[in-house]
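Colleague: Can you take me through this one? I'd like to go over a strand and a couple of backbone angles.

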Amino acid sequence: MAMATSTSAIPAAEQAELIELSKKAAAYQAVKDHLDPAAHRLVGIGSGSTVVYVVDAIAALDRDATSRMLFFPTGDQSRGLIEAAGLPLGSVSQLPVAAKLDVCFDGADEVDEDLNLIKGGGACLFQEKIVATASRRFVCVADYRKLSPRLGTQWKQGIPIEVLPLAAKRVLSELENLGALGPQIRQGLPKKAGPVVTDNSMWLIDAPFKPLLLPRDKANGVQGGAGEDGLWTVDALADQLIRIPGIVEHGLFYGKNGLEVKAGEGGAQKPVA
Ligand code: 5RP
């Protein structure tokens, strides 16, 4: 995988511009490559600032084609984007259980070499996972900053975990038992004091762990990975997290076939796994 080159010598304003260009380039390329206006009818729309460009790219397509599609949001932000773009709005709750979305476009906070993801920086991971797993194909749209060899190397805030508020303190303690390094209940901005409340009326915990091993590291003889010395593989940790009462979902997205990472200018692309 081609990795991002360092941009630390570039002034902050130019870096911000480069990041926006990269997000936009990745989003337009992802829509061009993975949305087939002639064939696709049901499309998932993730959350975050990169997805804004995905919706822009879709809104720029032929209106006859997009008016025959339904767009499924992953929270209040993405519902707002779909509506503002004048695209038809769907709802997973009305989708027959056997039906699959053709494709889902979403961002990520960090992407490893095996295309495992940390998601939830924007607090929408629960609905994002529901829409992602209801889709035949998940296209991750990520700029060059998001790529890393091991999850937890770049996104140091920790794995976002959605929890039932009354269980939050107990979950913090369980996470420490698993080796989390100072997990915290996510707080709102100073003006909105108190815990962040998700679109599902839950709270979030951000749980930093040592960088997560890839499942194939174990097969290659790397020691640890089942919690020894606080070291986990992505799949082993995901499996433990979902067993903790009070955790409704976590932001580790892993092992999904057909995941594709797209990065824009100055970034990297990885073909479908
Ligand atoms: C929200 C998410 C977002 O996709 C993730 O935080 C990336 O956001 P951005 O595109 O703004 O960097 O998982 O819950």
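**Strand and loop notes**

Modeller: This is a predicted model. Alanine 123 is placed in the loop between β5 (117–118) and α5 (125–133).

Colleague: What is the phi of alanine 123 near?

Modeller: Phi there is near 75 degrees, which is positive, and the residue is not glycine. Most residues other than glycine have a negative phi.

Colleague: Is alanine 123 buried or exposed?

Modeller: Alanine 123 is buried, because it has 24 C-beta neighbours inside 10 Å and the cut-off for buried is 20 or more.

Colleague: And aspartate 229, where does that lie?

Modeller: Aspartate 229 is in the loop between α7 (215–219) and α8 (234–241). Its phi is also a positive value, near 55 degrees.

Colleague: Buried or exposed, for aspartate 229?

Modeller: Exposed: aspartate 229 has 10 other C-beta atoms within 10 Å.

Colleague: Switching to β7. How many of its residues are buried?

Modeller: Five of the five residues in β7 (residues 159–163) are buried, so the strand is largely enclosed by the rest of the structure.

Colleague: Which residues are on which side?

Modeller: Ile159, Ile161 and Val163 are on one side of β7, with Pro160 and Glu162 on the other, and both faces are covered. In a regular strand the side chains alternate between the two faces of the sheet.

Colleague: Which strands does β7 pair with?

Modeller: β7 runs antiparallel to β9 (residues 203–207), joined by five bridges. Proline 160 sits opposite aspartate 206 in β9. β7 also pairs with β10 (residues 247–250), antiparallel, over three bridges.

Colleague: What is the bridge partner of valine 163 in β10?

Modeller: Isoleucine 247 is the partner of valine 163 there.

Note on methods. Residues numbered from 1 in each chain as written. Predicted model: local features only at pLDDT ≥ 70, side-chain atom pairs only at ≥ 80, totals over all residues. Helix = DSSP H or I, 4+ residues; strand = E, 2+ residues; numbered from the N terminus. Buried ≥ 20, exposed ≤ 12 C-beta atoms within 10 Å, placed from the backbone. Pairing = 2+ DSSP bridges.
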